[in-house]
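Trainee: Could you pick one spot in this chain and take me through it closely? I would like to see how it connects to what lies around it.

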Amino acid sequence: MAALAWTVYTDLKKKTDTLSNDVVTWSVRMELRRTRTVTAQDDEIGTVTVQETITAIEALPEPPQRRTLQESSGES
C-alpha cells in the first residue's frame, strides 16, 4: 500500500503544488477499490499508510520525481 501511496502522491504532485493528505488518501482508496473490496480496516490502514508515506516523502532532500521507490528504501 505504501508503494501505491507513493505513486499516487508523485502523480498528483505533478499536477498541483498544493496537495492534501485527504486527496491522496481518497485517491489511494479509489485505486484499491478498483481491484478489491475495501474494508473499514483497509481504510484505517490506508489512512495511516498515506500519512506516513507523505511524511517520508516530504523529508527527502530532493523532490520525489527524481527518485525511485527502490532508491528511497535503500534497495538497488
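Mentor: Let's begin with Thr25, which counts as buried because its relative accessible area is 9%; buried means under 20% relative accessible area, exposed means over 50%, and partly exposed is what lies in between, with a 1.4 Å probe and protein chains only. Before we go on, please keep in mind that this is a predicted model, in which local features need pLDDT of at least 70 and side-chain atom pairs count only at pLDDT 80 or more, while totals for chains, interfaces and linings use all residues. Residues are numbered from 1 along each chain as its sequence is written, and side-chain values use heavy atoms, with hydrogens and water left out.

Helices here are DSSP runs of H or I with at least four residues, strands are runs of E with at least two, and both are numbered from the N terminus. Leaving out residues up to four places away in sequence, Thr25 touches Thr47 and Val50, where contact means heavy atoms within 4.5 Å. Val48 is 23 residues from Thr25 in sequence, and their C-alpha atoms are 9.0 Å apart in space. Val48 belongs to helix H3 and is partly exposed, with 46% relative accessibility.

Two packed helices are described by the angle between their axes and the distance between the axes. Axes are lines fitted to C-alpha atoms, for helices over the stretch in contact, and angles run from 0 to 180 degrees between N-to-C directions. For H1 and H2, the angle is about 120 degrees and the axes are 9 Å apart. The pair is therefore oblique: angles under 35 degrees count as roughly parallel, over 145 as roughly antiparallel, 65 to 115 as roughly perpendicular, and the rest as oblique. Their crossing is right-handed; that is the case when the near helix is turned clockwise from the far one by less than a right angle, and left-handed is the anticlockwise case. On the H1 side the contact involves Leu4, Ala5, Val8, Tyr9 and Leu12, and on the H2 side Val23, Val24, Ser27, Val28, Glu31 and Leu32. Nine of these contact residues are nonpolar, one is polar and one is charged. In that scheme Ala, Val, Leu, Ile, Met, Phe, Trp, Tyr, Cys and Pro are nonpolar, Asp, Glu, Lys and Arg are charged, and the others, Gly among them, are polar.

H1 (residues 2-13) also meets H3, with axes that come within 9 Å and cross at roughly 60 degrees. This makes H1 oblique to H3 as well, and here too the crossing is right-handed. Ala2, Ala5, Trp6 and Tyr9 of H1 make this contact with Thr49, Val50, Thr53, Ile54, Ile57 and Glu58 of H3. The residues involved divide into seven nonpolar, two polar and one charged.

Val28 shows the links well: beyond its neighbours within four places in sequence, Val28 contacts Met1, Leu4, Ala5, Val8 and Val50.

For contrast, look at Lys13 in H1, which counts as partly exposed because its relative accessibility is 26%. Lys13 and Val24 are 11 residues apart along the chain, with 9.7 Å between their C-alpha atoms. Asp42, in H3 (residues 40-58), is buried at 15% and touches Met1, Arg36 and Thr37, again not counting residues up to four places away.

Stepping back, the chain has four helices and zero strands, and 30% of its 76 residues are buried. Among contacts with a separation of 6 or more, residues 24 or more positions apart account for 60%.
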